[in-house]
Amino acid sequence: MASIQDAGLSGAELRRAFLTGFDRLEEYRDTVNALNVFPVPDGDTGTNMSLTLRSGIERCPDNGGLTAGEIAHELAQGTFFGARGNSGVILSQFFKGFGDALLGREICSAADLAAALDMAREAAYGAVGNPREGTMLTVIRRSAEAAQEADSGSGLVDVLESAYLASCVALKNTPEQLPVLKEAGVVDSGGLGVVVILGGLLEGLAPDRSRDLAEEAGLAGIIDDSMASLGGSSSVQESGFVHQSLEADWGYCTEFIISGEGLSPQEVRQYFEETARSTVVVGDPKNVRVHIHADDPGPAISYGVALGTVSNVKIESMDDQNVEWAAGHSAPPSTVGAELAVVAVAAGDGLAGLFMGSGCGHVIQGGQTMNPSVQQIMQGIQRAGAENTIFLPNNKNIVLTAQQVAANDPNVHVIPTRSIPQGVAALLAYNPLSPLEENLAAMEETLLMVTTIEVTQAVRDTSVDGVAVSLGDYIALLDDKLVINAKSPEEALRKTVELAGAEEDSILTIYRGADADADAADACAAALESRTPGIQVDQVYGGQPHYHYLASIE
């Protein structure tokens with residue numbers, strides 16, 4: 001350890017340190033996911049950060065031949081292309097700054113590490129248009145400041161210790177900086193991800209000091225208090241909403257329920273973590289729900305049968321789905337080689353068909369719980385094949401990822417649509433015969449004219465914006481603000497439409513999700529029409545997962 005403390009990190013040592021950071025992030029992934037404040041199925045901060053960092057690690061060969069600067073560069077490149085969700089984009093920019101600081105360095109000295117963390121801070125803040133304190137940005141900033149403030153004679157491990165301890169303290173203070181965190185009684189989820197990564201780095205260099213500092217900062221207590229506020233560590237996993245998209249080479253998406261006596265969800269989860277990819281296992285001693293990605297679903301089903309009765313089996317070839325999407329949603333001849341095309345993100349066959357039928361050159365499958373990476377977005381844009389591309393992310397957790405693509409390609413232009421209704425409105429304002437600038441102005445203008453409603457089920461117990469919800473409750477969001485807790489999705493939709501103040505000349509468009517009952521949706525639409533004479537109510541099958549209803553009021 002003295003050699004590292006005094007001489008600094010070689011490329012191989014830097015890679016191993018970040019690999020330990022990744023391993024710890026994987027270990028805490030579900031905990032980081034659970035700390036998302038909003039009780040809606042979303043892109044999962046821990047999953048997005050883990051996938052992003054994994055893309056960076058995979059770019060670094062384990063042959064010991066690269067310098068510290070080259071390892072840092074490869075980490076930056078890999079995380080850039082693998083970035084998913086807002087947290088993943090911020091993390092990728094952290095690595096960009098880190099890599100820029102180590103450019104040309106054979107080793108990473110103590111001074112280099114402090115400079116790299118400072119440039120990482122600068123790049124991370126630069127990735128966000130309106131940085132908010134009390135987030136992962138604050139944790140990054142405080143760790144960088146502590147590294148800079150370390151004694152000039154400090155060794156590399158000393159600098160990292162200062163950064164790690166400061167990150168733990170900053171994490172503990174995040175609820176005091178963001179009221180929404182304080183109301184929910186949790187620390188920032190992305191901030192915890194940063195702490196875990198830095199702790200892993202320190203562990204890779206000085207395992208004993210890592211444990212001592214975590215104990216000194218009370219990290220375990222910080223996490224336990226937050227999880228207690230959410231009802232325990234299983235709050236996300238128990239929801240049944242977790243459908244993670246973790247693999248580039250998809251294989252088979254395999255889901256089933258095992259019913260029996262004395263079942264152990266933990267043992268089942270451990271088995272599939274060792275034999276499959278993208279493992280989500282939840283349940284109790286009588287029923288265990290399994291959702292995995294596997295190259296061959298047969299052994300997985302056989303394992304389930306050996307434990308009990310297997311039911312609700314659903315097997316889908318994700319490779320075939322990708323091929324089908326490429327065939328069904330590839331660019332029509334008029335967009336390949338054209339001057340202008342639109343590419344959008346959507347989940348659900350109905351929504352995909354709607355966007356394609358309204359003029360999209362390509363639709364990328366994704367949305368809540370399925371945030372596409374930078375590379376997937378770039379591939380979708382390439383498939384459209386136009387000289388200039390207007391991109392519609394249609395999800396608030398994909399906007400930053402799309403903007404990262406645009407920042408590196410001047411021919412990509414992002415309309416920051418934060419929801420499917422905004423995306424539809426923007427696309428209807430698109431005219432392929434008009435110049436690019438006119439289209440951008442017209443599409444951007446529509447964002448202010450659409451009120452968005454989203455109806456889903458709560459995936460955790462929490463309180464947000466004064467609305468207390470329990471796991472499984474039907475909830476509605478009005479322009480991203482949680483407003484309603486109801487007994488049915490239709491009641492949540494109806495009350496939120498009334499709360500939004502829909503008038504007789506309003507146009508209400510309802511997008512029915514895969515989990516919504518068609519007859520109930522028809523009855524709800526009829527009730528809304530009768531309550532507000534003159535209102536135009538249109539119902540469209542969207543087929544979107546997780547959200548029973550999406551709706552727009554114009």
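Helices (H or I, at least four residues) and strands (E, at least two) are DSSP runs, numbered from the N terminus. Axes are lines fitted to C-alpha atoms, for helices over the stretch in contact, and angles run from 0 to 180 degrees between N-to-C directions. The model is predicted: local features need pLDDT of at least 70, side-chain atom pairs count only at pLDDT 80 or more, and totals for chains, interfaces and linings use all residues. Residues are numbered from 1 along each chain as its sequence is written, and side-chain values use heavy atoms, with hydrogens and water left out.

Two strands pair if DSSP finds at least two bridges between them; β7 (residues 388-392) and β8 have three, in the parallel sense. Within this pairing, isoleucine 390 stands opposite histidine 413 in β8.

Tyrosine 511 stands opposite valine 540 in β15. Strand β14 (residues 507-512) is largely enclosed by the rest of the structure, because five of its six residues are buried. Buried means under 20% relative accessible area, exposed over 50%, and partly exposed in between (1.4 Å probe, protein chains only). In a regular strand the side chains alternate between the two faces of the sheet.

The axes of α14 (residues 265-275) and α15 (residues 297-307) come within 12 Å and cross at roughly 160°. That makes α14 roughly antiparallel to α15, a label for angles over 145 degrees, while angles under 35 count as roughly parallel, 65 to 115 as roughly perpendicular and the rest as oblique. In α14, Glu267, Val268, Tyr271 and Phe272 meet Pro299, Ala300, Tyr303 and Leu307 in α15. Contact means heavy atoms within 4.5 Å. The residues of this contact divide into seven nonpolar, no polar and one charged. Here Ala, Val, Leu, Ile, Met, Phe, Trp, Tyr, Cys and Pro count as nonpolar, Asp, Glu, Lys and Arg as charged, and the others, Gly among them, as polar.

Some single residues are also worth a look. Serine 167 has its place in helix α9 (residues 156-177) and is buried, with a relative accessible area of 0%. Leaving aside neighbours within four places in sequence, serine 167 is in contact with Val139, Ser143, Val195 and Leu198.

Aspartate 465, between β10 (462-464) and β11 (467-469), has a positive phi of about 55° although it is not a glycine. Aspartate 465 is partly exposed, with a relative accessible area of 36%. Histidine 546, in the loop between β15 (536-541) and β16 (549-553), also has a positive phi, near 75°, and is not a glycine. At 7% relative accessibility, histidine 546 counts as buried. Aspartate 480 is found between β12 (474-478) and β13 (481-486). Beyond its neighbours within four places in sequence, aspartate 480 is in contact with Phe38, Lys396, Arg418 and Glu454. Aspartate 480 and glutamate 454 are 26 residues apart in sequence and 8.1 Å apart in space, C-alpha to C-alpha.
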